[in-house]
Amino acid sequence: MARKDAPSFACNACGAVHAKWAGRCDACGAWNSIEEQKPLSSGPGAKSLGAARGKTVPLVDLSGEEPAPPRIATGVAELDRVLGGGLVPSSALLIGGDPGIGKSTLLLQAAAAYAHAGAKVVYVSGEEATAQIRMRAARLGLKDAQVKLAAETNLRDVLTTLDAEKPDVAIIDSIQTMWLDSVDSAPGSVSQVRASAHELTSFAKRGGSAVIMVGHVTKDGQIAGPRVVEHMVDATLYFEGDGARPFRILRSVKNRFGPAAEIGVFEMTGGGLREVANPSALFLSDREKDVSGSAVFAGLEGTRPMLSEIQALVADSPLGTPRRAVVGCDSARLAMILAVLDARCGISFAQMDVHLNVAGGLRIMEPAADLAIAAALLSALRDRPLPAQAVAFGEISLSGAVRTAPQPELRLREASRLGFTSALIPSQVKTREKSGMRVTRIEDLGALLEHAFDAS
Ligand code: TYD
Ligand code: MG
């Protein structure tokens with residue numbers, strides 16, 4: 001049996017626990033990511049229980065009236081929606097994102113909005129000096145916001161300050177820069193980040209504050225260091241976007257107090273982040289009509305309908321193994337759709353390079369995009385444009401059948417609102433509402449070929 005005080009090791013990238021140090025993590029294959037773990041200063045596992053018995057904890061019934069948690073709304077509608085209506089007191093929130101994506105900007109604007117709504121807000125930065133934050137605030141036109149600032153990385157001092165100040169909202173930018181003197185490893189290491197997140201989460205629970213932590217994301221999209229932080233907090237949001245475009249998407253991946261998979265859309269401007277109230281119009285704004293290989297997908301992001309353009313390009317390949325390049329959706333889905341087209345309709349892309357792109361830098365994860373992807377691929381292959389005023393949605397199964405997707409009426413309503421007049425939809429969908437759309441029910445890929453390309 002392992003000794004109680006034997007060191008344990010964990011992988012920085014995936015959180016897998018190992019008995020001994022190794023250069024490469026067996027679980028995720030990352031190199032140089034394994035570090036020794038120090039026990040937490042408090043919490044479960046800190047001390048061995050020995051023979052002493054604990055006291056009994058009171059047990060209550062599951063039934064019982066519990067008022068809905070109060071929320072601190074900002075009035076920044078995109079942020080409040082992603083949070084499910086606003087911040088919940090005594091909760092811990094993690095916001096992850098690539099460096100430079102705009103996390104500090106978002107949080108400074110949020111801090112000012114919370115302060116404006118009457119909350120007491122403390123913003124602690126471990127990355128920038130107060131002068132830099134003030135300069136940013138001036139640029140954002142938020143110089144007069146009632147936000148208290150500190151530039152500090154020593155978490156013990158930060159916690160003492162927060163305990164004295166008792167803010168409604170505390171912002172920690174970022175969790176990787178904070179360090180605890182009781183933990184004997186460098187800031188940003190798994191043990192430090194985990195211990196810091198643990199301390200901040202306990203502060204939120206005991207002090208009644210909502211604590212927002214910023215976490216940097218590694219190359220492969222994980223919040224650097226420990227995924228364990230995600231398990232500790234009540235909600236995790238990701239702030240995404242690519243450097244080339246000004247659009248940013250705030251996505252909730254976990255939320256104990258609200259819906260997950262909800263998104264908010266922002267645009268980064270010279271004067272900070274601006275909310276985008278009508279993202280469908282934005283993501284379709286550059287669409288060229290009457291070009292082959294383009295299909296409009298009537299999608300759903302959380303509870304919100306969102307249209308996006310899927311573009312496909314198919315060309316004879318000079319390569320032995322043709323290219324499959326995908327931007328904005330899962331390459332495994334493209335491979336599956338190509339395989340189904342081949343096996344069920346005899347349409348082969350085997351000698352062709354296939355490029356697939358979601359316009360506007362959006363990332364689509366819904367399987368309901370299959371039908372629009374297939375339509376774009378066929379349109380590219382046949383060099384025949386799809387009707388310009390048509391949208392599509394539906395999941396394709398391995399048999400080639402088109403399966404239904406959640407919330408069809410919401411999708412159709414959004415399409416109609418943006419001036420679309422017809423839709424290719426799964427055959428099982430029953431539409432009760434008169435959306436004003438001409439719908440064509442597509443049973444399988446054969447039916448898609450017939451309706452959209454007059455051929456079977
Ligand atoms: P920042 O919030 O510092 O990113 P993060 O905290 O995620 O690392 O944002 C940095 C980028 O945003 C920087 O490249 C400049 C840009 N920016 C603007 O375009 N407009 C603005 O008003 C501000 C404050 C920043
Ligand atoms: Mg920052």
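The following legends describe close-up views of a predicted model.

**View 1. The largest pocket and the residues that line it.** The largest pocket of this predicted model has a volume of about 580 Å³, and its lining is made up of 30 residues, of which Glu240, Gly241, Arg251, Gly361 and Arg363 lie nearest the centre. Sorted by class, the lining has 12 nonpolar, 9 polar and 9 charged residues.

**View 2. Strands and domains around the largest pocket.** Strand S4 (92-97), strand S9 (235-240) and strand S10 (247-255) each contribute at least two residues to the lining, and the largest share, 6 residues, is supplied by S10. The lining also draws on two domains, with at least three residues coming from each of domain 2 (77-276) and domain 3 (282-453).

**View 3. Helix H5 and the glycine that follows it.** Helix H5, which covers residues 190-207, has 18 residues and reaches 25 Å from its first C-alpha to its last, close to the 26 Å expected at 1.5 Å a residue. Of the 18 residues of H5, 14 are buried, so the helix is largely enclosed by the rest of the structure. Just after H5, Gly208 adopts a positive phi of about 85°.

**View 4. Asp234 and its salt bridges to Lys205 and Arg256.** Asp234 is buried, because its relative accessible area of 3% falls under the 20% cut-off. The closest N and O atoms of the salt bridge between Lys205 and Asp234 are 2.7 Å apart; Lys205 belongs to helix H5 whereas Asp234 sits in the loop between helix H6 (228-232) and S9, so this pair ties together parts that are 29 residues apart in sequence. Arg256 also meets Asp234 in a salt bridge, with an N to O distance of 2.8 Å, and this pair links distant parts of the chain, since Arg256 lies in the loop between S10 and strand S11 (263-269), 22 residues from Asp234.

View 5. Glu78 counts as buried at 3% relative accessibility, whereas Arg81, with a relative accessible area of 26%, is partly exposed.

Key: Residues are numbered from 1 along each chain as its sequence is written. Chains are lettered from A and ligands numbered from 1 in the order in which they are written. This is a predicted model: local features need pLDDT of at least 70, side-chain atom pairs count only at pLDDT 80 or more; totals for chains, interfaces and linings use all residues. Side-chain values use heavy atoms; hydrogens and water are left out. On a 1 Å grid over the protein atoms alone, a cavity is a set of points where a 1.4 Å probe fits but cannot get out, and a pocket is an open set with protein on both sides within 12 Å along at least five of seven lines; lining residues have an atom within 4 Å of a point. Grid points are joined across faces, edges and corners, and a volume is the space filled by probe spheres set on the points. Helices (H or I, at least four residues) and strands (E, at least two) are DSSP runs, numbered from the N terminus. Ala, Val, Leu, Ile, Met, Phe, Trp, Tyr, Cys and Pro count as nonpolar, Asp, Glu, Lys and Arg as charged, and the others, Gly among them, as polar. Domain bounds come from an automatic or database domain assignment. The expected span of a helix is 1.5 Å times one less than its number of residues. Buried means under 20% relative accessible area, exposed over 50%, partly exposed in between (1.4 Å probe, protein chains only). A salt bridge is a side-chain nitrogen of Lys or Arg within 4 Å of a carboxyl oxygen of Asp or Glu.
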